[in-house]
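Good morning, and thank you for making time for this presentation.

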Amino acid sequence: MHTSSEPDDLQAQFHEVVIVGNGPSAITLSYLLAGNWPYYARAGAASDGVIPDHLHRKLSAHPTVSILEQDLEYLSEGLEGRSNNPVSVLFDTLNHPGADFGADEHSTIRWVYRPERAVDHLVLGRGPPGGVWQKMTGDLLTVSLGSWMELPGLGFQQWCLDNDRSRARVTDVARYYAAYVQTMGLSDHFRDSTLVTSVRRLGSSPEDSRLTVVPGSGQPIGRPPAAAAPLWIVEGLRAGADDQLERFRVAARRVVLACGTSDVPSRLGCPGEALPFVCHTLSTMEALLASGGVTGTLLVIGAGLSAADVILAACRRGVPVVHAFRRRATDRALIFYRLPRALYPEYHQVHQMMRDGGRSCCHYRALAQARVLRIDPDGLVTLATGDGPAQVRVSHVAVMIGAQPGLQFVDDQTVLGDSAGATADGRARLLPVDAFTHESENAPGLYAMGPLVGDNFVRFIQGGALAIAAHVARDRGEGGASEERPATDQLMPISAPLGAGS
């Protein structure tokens with residue numbers, strides 16, 4: 001691709017909110033910002049225990065006020081769930097009641113379209129809507145149930161009529177997310193094939209003295225409050241006509257980081273890791289196995305689900321596997337202990353192989369408490385294990401030890417980590433944000449959601465979208481349960497042509 005030259009006039013199109021990333025967390029936030037607001041559907045009804053009694057009473061006290069307008073901290077009090085973010089637990093409690101106890105209850109959220117509350121926003125993604133899901137191929141099944149993969153207002157099972165499984169094919173999920181944006185009327189907000197190269201405060205660059213901010217959606221730019229922080233400038237490249245890269249520049253009052261944590265695969269840090277037969281991504285490894293490119297022993301490093309997926313794919317093709325992992329096979333911190341055996345038999349099969357050292361599979365050998373010391377060009381890998389040094393000769397190495405977010409485009413890296421300026425790590429150090437607004441503790445107007453704040457499952461990331469949308473509405477003077485709201489029968493419900501959420 002060729003890159004066009006920088007325009008002589010420095011202009012930035014203004015949008016109230018710019019979202020970096022276009023995965024399910026960004027899609028959900030776009031849905032809310034487009035004017036789709038959640039209401040409690042059981043307000044006024046007798047409590048039946050599906051929703052905790054204290055939460056039911058709180059929501060029933062304001063039956064015509066959107067959940068988005070209410071005090072999320074107050075509503076979240078006393079709730080427990082599988083997320084460390086309280087608003088994510090609140091949303092999941094209402095959207096998937098009793099899910100962690102095996103219940104299959106309908107959502108208690110009713111979505112209402114309020115176009116007068118829509119917020120001008122832009123969603124920037126490298127590929128089609130769906131984020132990392134669009135990079136997944138093959139017949140892999142999701143870890144979560146199919147119904148837990150759906151987004152507001154469009155049921156996954158109704159949309160994917162041929163899905164008769166409890167879990168869904170990842171390719172079906174990818175198609176669902178792309179179709180969701182179009183079906184729910186969000187396409188005008190999405191810009192695909194874009195690469196963000198810089199996110200910074202207006203005024204932090206010398207060229208900003210020549211920069212003019214112009215309306216980006218035909219709407220006048222309102223005067224920000226006197227105490228408001230400076231605007232954000234987002235710059236990058238986008239694919240234009242004739243396969244040419246074009247520069248773009250937008251200004252925003254708020255920037256949301258929704259780009260996940262899978263951009264930069266984690267590294268072992270050992271000699272030889274850059275050799276061509278060492279692979280760090282699941283998609284590349286799957287393609288290599290499918291093409292018959294692995295002709296000898298495969299060394300798989302890691303004890304998570306990606307490592308398990310590679311092992312399963314290799315065993316199906318009769319490829320010998322040596323599996324090295326840092327923990328003991330019986331360590332209760334392993335992900336397998338958190339997966340119900342009935343729903344995830346294939347992952348428990350891998351865990352059984354890890355525990356018995358490979359006696360249950362003739363093509364598999366386990367090396368527990370192992371650490372790779374070096375990888376030689378001839379395929380000889382030296383490891384330190386709990387039983388002493390070990391060497392194996394392999395055809396390929398699959399390093400499946402997680403990934404970290406690629407946030408190098410944020411000019412001021414100190415806003416991403418702790419006070420010492422350490423950058424964020426998707427697994428160890430999450431971005432420091434307010435628990436109820438998801439706004440950065442270090443940079444007003446900068447937000448984070450999804451895996452960047454510890455929510456790795458689709459059913460929980462939607463709570464982050466609720467927190468951010470509520471904060472935006474409150475700052476715009478649209479929040480607060482005390483404000484007068486239209487009666488319920490004056491609100492226009494949303495219709496979903498391809499199936500509605502419960």
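This is a predicted model: local features need pLDDT of at least 70, side-chain atom pairs count only at pLDDT 80 or more; totals for chains, interfaces and linings use all residues.

I begin with a side-chain pair: the side chain of His15 makes a polar contact, at 3.1 Å, with the side chain of Asp120. A polar contact here is a pair of N or O atoms within 3.5 Å; within protein, one must be able to donate a hydrogen and the other to accept it, and residues adjacent in sequence count only if both atoms are side-chain atoms.

Residues are numbered from 1 along each chain as its sequence is written, and side-chain values use heavy atoms, with hydrogens and water left out.

To return to His15, this residue is found in strand E2, residues 11-20. Strands (E, at least two residues) and helices (H or I, at least four) are DSSP runs, numbered from the N terminus. Is His15 buried or exposed? His15 counts as buried because its relative accessibility is 3%; buried means under 20% relative accessible area, exposed over 50%, and partly exposed in between, with a 1.4 Å probe and protein chains only.

Next, the cavities. A cavity is a set of points, on a 1 Å grid over the protein atoms alone, where a 1.4 Å probe fits but cannot get out, and its lining residues have an atom within 4 Å of a point. Grid points are joined across faces, edges and corners, and a volume is the space filled by probe spheres set on the points. A search of the whole structure finds 2 cavities of 30 Å³ or more.

Of its 10 lining residues, Leu33, Trp37, Val119, Ala469 and Ala473 lie nearest the centre. Which helix gives the most to this lining? Helix H10 does, with 3 residues; helix H1 (24-33) and helix H10 (458-475) each supply at least two. By class, the lining has 8 nonpolar, no polar and 2 charged residues. In this scheme Ala, Val, Leu, Ile, Met, Phe, Trp, Tyr, Cys and Pro are nonpolar, Asp, Glu, Lys and Arg are charged, and the others, Gly among them, are polar.

The second largest cavity has a volume of about 40 Å³. Its lining includes Leu257, Val415 and Ser440, and the largest share, 3 residues, comes from strand E23, residues 446-448. This lining has 9 nonpolar, 1 polar and no charged residues.

I close with two sheets. Two strands pair if DSSP finds at least two bridges between them. An open sheet of 3 strands has the order E18-E19-E20, with antiparallel pairing. Strand E18 (371-375) and strand E20 (388-393) are its edge strands, each pairing on one side only. E18 and strand E19, residues 380-385, pair over 4 bridges, and Arg371 stands opposite Ala384 in E19.

The other open sheet has 5 strands in the order E14-E21-E15-E16-E17, with parallel pairing. Its edges are strand E14 (278-279) and strand E17 (364-367). Strand E15 (residues 298-301) is joined by 4 bridges to strand E21 (residues 396-399), where Val397 is the bridge partner of Leu299. Val278, in E14, is buried, with a relative accessible area of 10%.

Key:
On a 1 Å grid over the protein atoms alone, a cavity is a set of points where a 1.4 Å probe fits but cannot get out, and a pocket is an open set with protein on both sides within 12 Å along at least five of seven lines; lining residues have an atom within 4 Å of a point.
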